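Thanks for coming, everyone. I would like to take you through a few places in this structure, and I will go slowly for those who have not seen it before.

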Amino acid sequence: MVDGCHDVVNRHACDFGPQPVAIICQTSGLEEQSLPKLTAEKAHSLEASSVKFTTLSYCSIRHSIPTRMAQGTLDPRQSFDWERSTFGLDSENEPWAEQVLLEGAEDTPLNLLLDIPVHSPRTYYQLERFFAVGIDAALVDMRAGQFGNSRESSLWFHDSNKNQPRSYNGVISTQKVNDVLKQKRFGNETEPDACIRRLHLFHPTSESIGVLILNLKPTERSVLRDFFWKHIKDEMNQNSIRFDIGTGGRIFSLAFHLSSFVLRIVDLEVAPNDDPRKTTDGKPWRKSRKLSFLCTEQQAILYETRHSFALYGFNKSVWTSIFLGDTYYYNKDPENQDTVDFYTEDDDDEQSEEHSVKWDPSTIGEVEAGKEWPHVCDYFLGVLLKRFNQIHEEWAYTLFIIQKQILIHVDTPRTMVELMPVSYDSVLRAMQHIQKDHAWFGETDKLLELLIHMLRAIIASWNAFRDDGWAYFPTSHRIQSTFRQLVNKIKDLEEVLNDFHDLKDRCIQFGKKLKRDTGFQAGFFSSIQPFNITFGQLMTPVALSAAITQTQIISFIAPWVCFLFVGFGLFALHWHIEPSTNPWPRWGASMRIAYNRVWEDNDPEDTGWSCPEPWRPWWLNRSANRWPAQESAMLDGRQPYSRRPYTEFQGQPLSSPHPVYTS
């Protein structure tokens, strides 16, 4: 049996590479080794050690491996053993990058991390970005012993072995982190083994990221290279949740990158919390947008933010987690569990030391740092659930504020027909108001498109993980329960996304109505600047004079002279007719002024004659229905006629057949 199994193992291992070797090892309980070199004597010795190749295992090796390889279903994540024994941990005690540099390698820690070939295009976008955010310069300073030790660069550090934490746990400076990472992680005579190491960077800076690169371990390079790169690059919408197996199947890695937006409403006199981290060209790591078109009485500021979390290790008992989270948009608040102030020890505060050691900031201070997690995947899903809860709350608040402001603007009537005197200045004001409406619609449409695109990317990252990485997670009751909570939270985010789509549809309908209501007033042809005349005022006299000249109605003069004189006369007439207005109210008002002046010059006391009723021309009697009370009083003789200056007529509603835009 052993010889026959040995032949099958040799054949399939040679045909299908090293992956079947790992499967066979796990099936048989063997250590990872090259099965083609397995001898009959060694197989007999293993059989004597209660490791037997049965007929069932023979059949599974013979049939399942070729079939799964042919179908492309064999995945190293499926074969990863979470209970595997650890070996070779001595390499985790020495910083690999520092050791390579001490051996005389002519390179930098950043180049050792990225490991970019000479002619690779990664030099032009990846290495350049690391230089732009100042990580290379920070590495040079730290190697020279120069640490900034700023409060923003502080890290939350927690090493433990089950219920045995180390003495330095808590919020420590980058210089202290550098000293701690140079200590032995395993086999330390004064401290317990750091089987579980957790780091939380509240406000990742070039210095706090650089200190981790400087103390890089051999097994961490492939994981941290992609992890740091995805966090510092400036492209948003790069959301992902992944489960990978690296270093030849030796370690696992779980990571997520969630980019999002945070909306804050502050008073006008309050300065926004812009990102203080700057690149070499002076631009911030994360951008902030002032939505001045959305709020006028207060400031609406949209901040970019990104949460990155990596969890990697050898098995469910020996692992490391690193959390990078943007918190620059927060105001300083010692009670905020997502900022460094909550975990920083204060001599005057008795609870600060307890917060620093007791609570885990990766779970937003809701889970104790000393809690034992049944499985490392359970901890990863727990951190992911807390962040999805936070993201949902921020997006629900963003939807509430934006929906409120948009509906106020959309539901307000933008046009109305008013009977009032119209002047050229009023038309210009109406045009400016129309332009503001169009500008508001354009900015709002861009904002909604940006938010929808971002939220769709967040949901898509979870859907991709559910269809791919989730299938290889252990099936425990606790993990399944957390998974269901995540599914429900994604459904809540999808509801928010649908509300944003509905809001965008409302804005599109508003834009269509805006174009329909404004009509010709919204066009670019409304006026010729800087002469303050419309195309109608210019082209109508030309067309009419050309028509009159063509018909030869006026034949006693030359045609070109007829065209000039008629065109000049019509143009002078149209010059006084202001655009989009009815000229009769203004002309009627001018006639009233002239009539009042004539009545004032013919005072009855001076001339000796009197008029029992105020005489008016027929074209002025049209105004009798506009002031019925005063007109009837004058006709009945209850009060003497009193002149009303033109300034009083300006506030009265005169007829105008055209709709006028008013704000």
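Let us start with Phe565, which counts as exposed because its relative accessibility is 61%, above the 50% cut-off for that word. Please keep in mind that what you see is a predicted model. Phe565 is found in helix 18, and together with Val542, Trp560, Phe563 and Leu564 this residue forms a nonpolar patch on the surface, where the five share about 550 Å² of accessible area. If you ask which element gives the most to that patch, it is helix 18, spanning residues 559-575, with 4 residues.

Now I would like to move to His257, which sits in strand 6, residues 251-266. Is His257 buried or exposed? With a relative accessible area of 3%, His257 is buried, since buried means under 20%. Its side chain makes a polar contact of 2.9 Å with the side chain of Ser308, and, when neighbours within four places in sequence are left aside, the residues in contact with His257 include Phe227, Lys230, His231, Gln238 and His307, as well as Ser308 itself. Asn239 and Ser240 are also among those contacts of His257.

Strand 5 is itself mostly covered, with 5 of its 7 residues buried.

Note on methods:
Residues are numbered from 1 along each chain as its sequence is written. This is a predicted model: local features need pLDDT of at least 70, side-chain atom pairs count only at pLDDT 80 or more; totals for chains, interfaces and linings use all residues. Side-chain values use heavy atoms; hydrogens and water are left out. Patches are made of residues with over 30% relative accessible area and no salt bridge: like charges are joined within 9 Å, nonpolar side chains (Val, Leu, Ile, Met, Phe, Trp, Tyr) within 5 Å. Accessible areas come from the Shrake-Rupley method with a 1.4 Å probe; for residues, only the protein chains shown count as cover. A salt bridge is a side-chain nitrogen of Lys or Arg within 4 Å of a carboxyl oxygen of Asp or Glu. Helices (H or I, at least four residues) and strands (E, at least two) are DSSP runs, numbered from the N terminus. Buried means under 20% relative accessible area, exposed over 50%, partly exposed in between (1.4 Å probe, protein chains only). A polar contact is a pair of N or O atoms within 3.5 Å; within protein, one must be able to donate a hydrogen and the other to accept it, and residues adjacent in sequence count only if both atoms are side-chain atoms. Contact means heavy atoms within 4.5 Å.
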